[in-house]
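The structure comes next, followed by the description.

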Amino acid sequence: MEYLQFIIIIIFSPLIQGLIKKLKANMQGRVGPGVLQPYYDLIRLLRKDMVVSRVTSWIFKATPYIVFASTVSAAMIIPIITTRSSFGMMGDVIAVIYLFAAGRFFMALAGLDAGTAFGGEGSSREMTVSILVEPMMMLSIFTAAISAGSTNVARIAETQNLFYSPPHILALSAFVVAVVAETGRIPVDNPDTHLELTMIHEGMLLEYSGRYLALMEWAHYMKQMLLFTLAADIFFPIGIDSGGAPALIAASFGIYLCKMFLMACAMALIESARVKLRFFQLPSLLGGAFVLAFLSLLTYIMIGK
Amino acid sequence: MKNWIEAFSVIDFISVGILLTAVAMNAFRRLESCVRTYTVNSWLLSSLIAIVAFMIGETHLYIAAALTLVTKGILLPVFLRRIVKQMKVTHDVEPYINNALSLTISGILVAVVYASLSVGIFVSGFSKNVLQISIAVILIGLFIMITRRKAITQVIGLLFMENGLFLAGFSLTFGMPTIIELGVLFDMLMGVIILGIFAIQIKRVFTSSDLDKLTILKG
């Protein structure tokens, strides 16, 4: 059972994306596409022919598979409904972050590969943002990791207690900013359009079409759900199963879906309430969040809880 | 009630909040947000004193908390807001150091304070980290005074330093006698009023509230 839990991420990630879109549309007074729309998009894209530029190299063709595979491997490490996670004994939260980084590295290369202006722009911006986001994410996770005494996500999820202390709140708020930046959501990037000069994520995918685009999009949805799962595991692991009895796993699955729904609501709320920042204003947002993460670690060391 | 305060570590939350508002001050450029940050900082300070007064059952601390709330939480912010309105300046446009860097430096300041005070000092107060936080707030206030150009933001930096000093004294001695606290608060109030008048005069004479302009000779 625990070896198959990563399939949940693969199957449900487009649903989360559709849910966020729908909630966001409702909050803004629109009807919006149905919740299942991302599935239809993926199926449509998988059936279509691809157009691949003649000037591209093997990197362009390999990247969709590398990105998809690295995201699925990250899904295998993170505990989702039971802390006896699939391959958790082999990797920990640092491995998860660097699997994301590997995917991002190839995505940026592929953005440059076709030689279009927008691709290069997207890649350069993505790398700039990731330089700021990665250490912040690490620091905020380390606060939880120190209090659990392990960087293994399953151990962190098992040892978290209910009573929140200031370091946890600080780390959580830094982590939320990190998730927003990593999933390319509104204060950092606009996920709804690829017609903006300010695009980051969409800029890198501009040359992709058909099956490759489907894989890249799917990997992006999975990464988003994985980050939500990571947040749930680290900061509110209430209800996650650690034994392995079928009934408990079913309950844990229900609780997990509730958490994902709540996080989708939170994301839609953030996206509706904030405006997109100018790219050169991003360092002060991300730098602020970095200082939050840093302070969370410091206050953890001071208060020691 | 007392158990509840212990269990949810309310004192820790408030003291971390005091630190956080001081750090956040580095991120704000709009003068109104700066004043609001200071207001929140003062309210947190006064509520911390009130909660400690409740925990140890000292009545004179309630007076200190009320005085802090009235002067630092209400009178000074109202006065500062009025100065900001009179000066017709909304932003501290060109600080010496940009937002991200000054946030990072203030984070480093906090780390230095924690590192240097974690050993060798025995604090018999109500929480082991309030002294560190108060000294960090003092340094951050000093840092704000150094890096901002406008007279009014420098005054706010000074006020943060004063809040930090008050907290430091409070964490070491559980509050000074009420008469001394009254004197300090009155001093503070007068000082800020005079500084505010200075700021308005600087603005009128030099047609700018930028303190760098003060080095230019008028003849």
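## Interface of chains A and B

In this predicted model, 19 residues of chain A are in contact (heavy atoms within 4.5 Å) with 21 residues of chain B. Chain A and chain B bury about 1,700 Å² between them, with 82% of it on carbon and sulfur atoms; buried area is the accessible area (1.4 Å probe) that two parts lose on being put together, summed over both.

Helix 7 (166-182) and helix 11 (282-303) of chain A each supply at least two residues of the side that touches chain B. Helix 11 of chain A gives the most, with twelve residues. Helices here are DSSP runs (H or I, at least four residues), numbered from the N terminus. The side of chain A that touches chain B divides into 13 nonpolar, five polar and one charged residue. Ala, Val, Leu, Ile, Met, Phe, Trp, Tyr, Cys and Pro count as nonpolar, Asp, Glu, Lys and Arg as charged, and the others, Gly among them, as polar.

Across this interface the rule finds zero salt bridges, meaning a side-chain nitrogen of Lys or Arg within 4 Å of a carboxyl oxygen of Asp or Glu.

## Helices 4 and 5 of chain A

The axes of helix 4 (residues 93-113) and helix 5 (residues 117-148) of chain A come within 9 Å and cross at roughly 170 degrees. Axes are lines fitted to C-alpha atoms, for helices over the stretch in contact, and angles run from 0 to 180 degrees between N-to-C directions. Helix 4 and helix 5 of chain A are therefore roughly antiparallel (over 145 degrees) to each other.

## Conventions

Residues are numbered from 1 along each chain as its sequence is written, and chains are lettered from A in the order in which they are written. Local features need pLDDT of at least 70, side-chain atom pairs count only at pLDDT 80 or more, and totals for chains, interfaces and linings use all residues, while side-chain values use heavy atoms, with hydrogens and water left out.

Methods: Parallel < 35°, antiparallel > 145°, perpendicular 65-115°, else oblique.
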